[in-house]
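Hi everyone, thanks for coming.

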Amino acid sequence: MSFRPLFEEDPIVAMVSSLGEFRIFRSFPDKKEKNGHTRSMKVLVTIASKHGATEEVGKVIAEELENAGLEVDMEKPEEVYSLDGYGAVVIGSAVYLTKWMDNARDFCRRFASELRRTPLWAFSVGLSGVPQDKVQDPSRVGPVLLNIEPKEYITFPGRLDPTELSLRERTVARLGGAVEGDFRDYQLVRDWAKKIVKEIKP
C-alpha cells in the first residue's frame, strides 16, 4: 500500500491500494518544534503552599520532569483555569490541621471529572509523626484523593519554622507535638519524580 500527499502543506493524504482503490483521510501528525523534534508531553505541577516549604518540594519535582525532557507548567491551584493541553498532572499540598489547603481541595473539586481521566500523581507535605516515626498520612486528606483517583499518592516530611507561623499555628503545632526543623528529604522527592517519568515515558 502506498501513500501520496494531495497537498504538501495540508495533512490530507491519499491512500492508493494495489487494487486501485482510492480513499482520502485526514492525518494529524505529532506537533513538531522548529528543530524538527516531536514536542514532549505537557505536565501541570500545581502546588498549594502556605510558607514555601511545599512549593520548594514541587519545584524539585518539576525540575526532575523537565530534566527528563517533559514540558512543565508550575502553577498555584487557584490560578489554573483549564486542564486542556496537559497530558498529566501532579498536585501537592501542605497539610494544616490534618487537611489539605483550601485551594488544593477546591482545585480537586473544580476539575474532578477531568482529573479522573488524566494521569495524576498527588503528594502531601506535613510533620505528623516526624521525627519519632515516618511521616503519617493525615486522615482527612483521604476523601479528597478518593474523588480524583491518583495513580500514586505519597506524604513527604516537611519543615517547621516557628518564626513563619501565626500564634494559632504555633499553638496547634505545639499541641500536636510537631518538632521544629527541616525534615524534607529531597532525594526521596527526586526518586518519586523519576518514578513518574518512567510511567509517562516508558
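Let me begin with a definition: two strands pair if DSSP finds at least two bridges between them. Helices (H or I, at least four residues) and strands (E, at least two) are themselves DSSP runs, numbered from the N terminus. With that in hand, V90 has W121 in β8 as its bridge partner.

A quick word on the source. This is a predicted model, where local features need pLDDT of at least 70 and side-chain atom pairs count only at pLDDT 80 or more, while totals for chains, interfaces and linings use all residues. Residues are numbered from 1 along each chain as its sequence is written, and side-chain values use heavy atoms, with hydrogens and water left out.

Now the overview. The protein has six helices and 11 strands. Of its 202 residues, 38% are buried, and here buried means under 20% relative accessible area, exposed means over 50%, and partly exposed is in between (1.4 Å probe, protein chains only). Taking contacts (heavy atoms within 4.5 Å) between residues at least 6 apart in sequence, 69% join residues at least 24 apart.

Let's turn to the sheet pairing. Which strands pair with β6? On one count, β4, residues 42-48, pairs with β6 in the parallel sense over six bridges. Strand β8, residues 120-126, also runs parallel to β6, and six bridges join them. Then there is β7, residues 99-100, which pairs with β6 in the antiparallel sense over two bridges; in that pairing V95 stands opposite W100. Strand β6 itself spans residues 88-96 and is mostly covered, with eight of its nine residues buried.

Strand β4 has another parallel partner to show you: five bridges join β4 to β5. Have a look at T46, please. It stands opposite I91 in β6, and T46 also stands opposite E75 in β5. Why is β4 described as largely enclosed by the rest of the structure? Because six of its seven residues are buried.

On to the pocket. In detail, on a 1 Å grid over the protein atoms alone, a pocket is an open set of points where a 1.4 Å probe fits, with protein on both sides within 12 Å along at least five of seven lines, and lining residues have an atom within 4 Å of a point. The second largest pocket holds about 160 Å³ of space, the volume being the space filled by probe spheres set on the points, which are joined across faces, edges and corners. Its lining includes I47, A48 and S49, along with M74 and E75. Strands β4 and β5 (71-75) each supply at least two residues of that lining. N103 is another lining residue.

Next, two threonines. T118 sits in the loop between α3 (112-117) and β8, and T118 is buried, at 17% relative accessible area. A polar atom of the T118 side chain lies 2.8 Å from the backbone oxygen of E114. Leaving out residues up to four places away in sequence, T118 touches Y86, G87, A88 and V89.

T155 is in strand β9, residues 152-157, and is buried as well, with a relative accessible area of 13%. Its side chain makes a polar contact with the side chain of Y153 at 3.1 Å; a polar contact is a pair of N or O atoms within 3.5 Å, where within protein one must be able to donate a hydrogen and the other to accept it, and residues adjacent in sequence count only if both atoms are side-chain atoms.

Finally, the loop between α4 (142-148) and β9, where E149 lies. Most residues other than glycine have a negative phi. E149, though not a glycine, has a positive phi of about 50°. Is E149 buried or exposed? At 52% relative accessibility, E149 counts as exposed.

K151 is found in that loop between α4 and β9 too, and K151 counts as partly exposed at 48%. Setting aside residues up to four places away in sequence, K151 touches P119, L120, W121 and E199. K151 and E199 are 48 residues apart along the chain, and their C-alpha atoms are separated by 9.8 Å.

That's my tour, and I'm happy to go back to any part of it.
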